[in-house]
Amino acid sequence: MTTSAMTAIHQRLSVLTPTERRIASHVLADPQSAVDNSITQLALAVGTSVASIARFTQSLGFSGYPDLRLALATELDRTASDRERFQVSESDVSRHDDALTTVRKIAFAEASAIERTARQIDIDVLETCVGAVRGARRIDIYGAASSGLAAQDLEQKLHRAGLVAQARTDLHLALTGAALLDERDVAIAISHSGRTLEIVQSAEVAARAGATTIAITNNPRSPLARVCDLVLFTAVSESTFRSGAMASRIAQLAVLDFLFTRIAQADYDTIADNLQRTFNAVTDHRID
């Protein structure tokens, strides 16, 4: 599956050159202009050279400017259809929006984040991750702040499935735990930016110890993506009221659900039994 043009721009903003960031800002602010204009016209509008536009296009992973224009046109058509479905005129929340409009815009943004992530997920990498987790003696999961909540969610799922998993949201526990892993183990590191120092360091220690390392990040060129054996990408675009911590959470949870569900499907009888047994164990602690 391929990443959308707008997502590719958001994911790579931190590693673009100043000139490329100026082009990116123009395209993000008015993607229709890139669809309507030739490469020469866009260069004039941005105040840069045709060669810079070409390099920017290639840095996003497109073979040329025509491919970028086609991808943007397809994405704009899909977004317009989705906005009509959610009854919103634009996706970003304004300080002046009423409650109904705010709810619709957030629903639109979160549904879009899941759909974009699902469209661009690498199925082969996902299946390799599934095999690694299924065969692991132990699974350590690293995450901080909002990504720490995602780590705890995966820990709970894997624990109930009968796998030995632990979310490490404290840096010292993450590092000391990572040092005790070996080739029989898996470390899953979650970071929207892929630049959170504690998470990158924990993944590095786990890798040196011999564990298979899996990154879940929105940034394909981040330090975390570089140090891990396997990478699953989210596809999130940030906006005024939806910072990285907010916007990433729903996409991260979707990726973790993809991973866990494939694990459960592969060991269906055992995991289904474990899930039922753990459900039964807490049933008596509910109030009728």
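**Helix 4 and its neighbours**

Okay, let's start with helix 4: its buried residues pack against helix 2, helix 5 (50-59) and helix 6 (65-86). Helices here are DSSP runs of H or I, at least four residues, numbered from the N terminus. Buried means under 20% relative accessible area, with a 1.4 Å probe and protein chains only. Contact means heavy atoms within 4.5 Å.

Quick note on the source: this is a predicted model, local features need pLDDT of at least 70, side-chain atom pairs count only at pLDDT 80 or more, and totals for chains, interfaces and linings use all residues. Residues are numbered from 1 along each chain as its sequence is written, and side-chain values use heavy atoms, leaving out hydrogens and water.

On confidence, pLDDT runs from 0 to 100 for each residue. The chain averages 90, and 94% of the residues score at least 70. Over residues 240-245, though, pLDDT stays under 50.

So which residues of helix 4 are buried? Leu-42, Ala-43 and Val-46. They sit on the same side of helix 4, because they cover an arc of only 100° around the axis, going by the directions from the helix axis to the C-beta atoms.

Now helix 2, residues 18-29: it packs with helix 4, residues 39-46, at about 105°, axes 10 Å apart. That makes the two roughly perpendicular, a label for angles of 65 to 115 degrees. Helix 2 brings Arg-22, Ile-23 and His-26, and helix 4 brings Leu-42, Ala-45 and Val-46.

Definitions and conventions:
pLDDT = per-residue confidence, 0-100. Axes fitted to C-alpha atoms, helices over the stretch in contact; angles between N-to-C directions. Parallel < 35°, antiparallel > 145°, perpendicular 65-115°, else oblique. Buried < 20%, exposed > 50% of the residue type's maximum accessible area, 1.4 Å probe, protein only.
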